[in-house]
Structure formats: structure tokens, C-alpha cells
Amino acid sequence: MYRKYKSAELVKPSGLDLKDRLVGVQRVTKVTKGGRAFGFSAIVVVGDEAGVVGQGLGKSKDVASAIAKAVEDAKKNLVRIPILKGTLPHEQKGKYGGARVNIIPAAPGTGVIAGGAVRTVLEAVGVHDVLSKSQGSSNPHNVVKATFDALLQLRDANAIARDRGITLEQVFKA
């Protein structure tokens, strides 16, 4: 799922204290010749609030099992996100479908200035000070994926130095 991101570091769920957060539950309907068949679709974000986060989708005939399936799916898609002193290393834009998300580092004490699905993802990652703006589609599925797109593009100074084959000091002098 995260193959297109060079810096995406996949994480195993064992040994992590993961907290799951429900982003949204949709009731879906399938119309058959015998009438309407109702089901539920749940999107969940799990994270350890220390830089590891994952998102998952679960579908079932009842809400509880849809959420349980979503949590299991999210644990299979865990990634590590660089966090620098409770905020992000740099500003980043993400997009998925019609959703656009812009996340901006903020000064200590600012808090998480984000709405809906973006806030859920950022809190699960463990970011304490951040500004964000969500534009375009407000569909929670696409907003969560757009937020992940932005987060997975983040790189800290150590990763940039390693990629360029230079020292950390040279990154800031260049």
C-alpha cells in the first residue's frame, strides 16, 4: 500500500501500545430483488502516539464487527512518521482523490488545529502542535488517505543527510 513512498518504514504491531480511533461509520445499502440489504463500512486509525500510525477499512453486516475488521486492517498497515519536538519536520501537502490536505508545523503550545479526520490521524501519530487545512472533498476515507499521503512524504534532517550521502551539518549549511 505504501510502496510509492521511499521513506515509508513499515512497522510490526507486536510490542506496541496501539490506541484505535474511529474516524467514521457509513451505512451502505445493497438493493436486491428481495429488498434492501444493509451493511456497515468503518474506517479506523490506530497509533501509539509516538510516531507509528496505520489506517484500515472494515465492512460487515453489523457495526461492531466492521470496526473490529477495520482495526485488524489498520494494524497490518502501520508506518513510522518522523516527529520533531512534538510537531512536524516541515510543511507538506497531500492529496487523494478529491481531498487535499495541507499540514504545517506549529510552535509549542499551539495544539492540534485540524478538523475531523485530519485531527484523528494527527492525534494518533502523536503530533501535539500542528496547523492544517483540508480542502476539496470532505469524504472521511479520502481525507484520511490524503493525510497519510502528506505524512508519508515527511522526511527528517537525518534521512535527507543519509539519502544525499552528506553529514547532518552539511544539510543545514547548503
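Reader: In which sense do strand β2 and strand β3 pair, and over how many bridges?

Author: Two strands count as paired if DSSP finds at least two bridges between them; strands (E, at least two residues) and helices (H or I, at least four) are DSSP runs, numbered from the N terminus. In this predicted model, local features need pLDDT of at least 70 and side-chain atom pairs pLDDT 80 or more, whereas totals for chains, interfaces and linings use all residues. Residues are numbered from 1 along each chain as its sequence is written, and side-chain values use heavy atoms, without hydrogens and water. Here β2 (residues 19-32) and β3 (residues 35-47) are antiparallel, with 13 bridges. Lys19 stands opposite Gly47, and Val28 faces Gly39. Two residues lie between β2 and β3 in their hairpin.

Reader: How many bridges join β3 to β4?

Author: β3 and β4 run antiparallel and are joined by eight bridges; Phe40 stands opposite Ser60 in β4. Their hairpin has four residues between the strands, and Glu49 there takes a positive phi near 60°.

Reader: Which residues of α1 are buried, and what do they pack against?

Author: Buried means under 20% relative accessible area and exposed over 50%, with partly exposed in between (1.4 Å probe, protein chains only). In α1, Ala66, Ala70, Val71 and Ala74 are buried. Seen down the helix axis, they fall within an arc of 140° (taken from the directions from the axis to the C-beta atoms), so they line one face. These buried residues pack against β2, β3 and β4 (52-60), contact being heavy atoms within 4.5 Å. The face turned away from the buried side carries the exposed residues Ala64 and Lys76.
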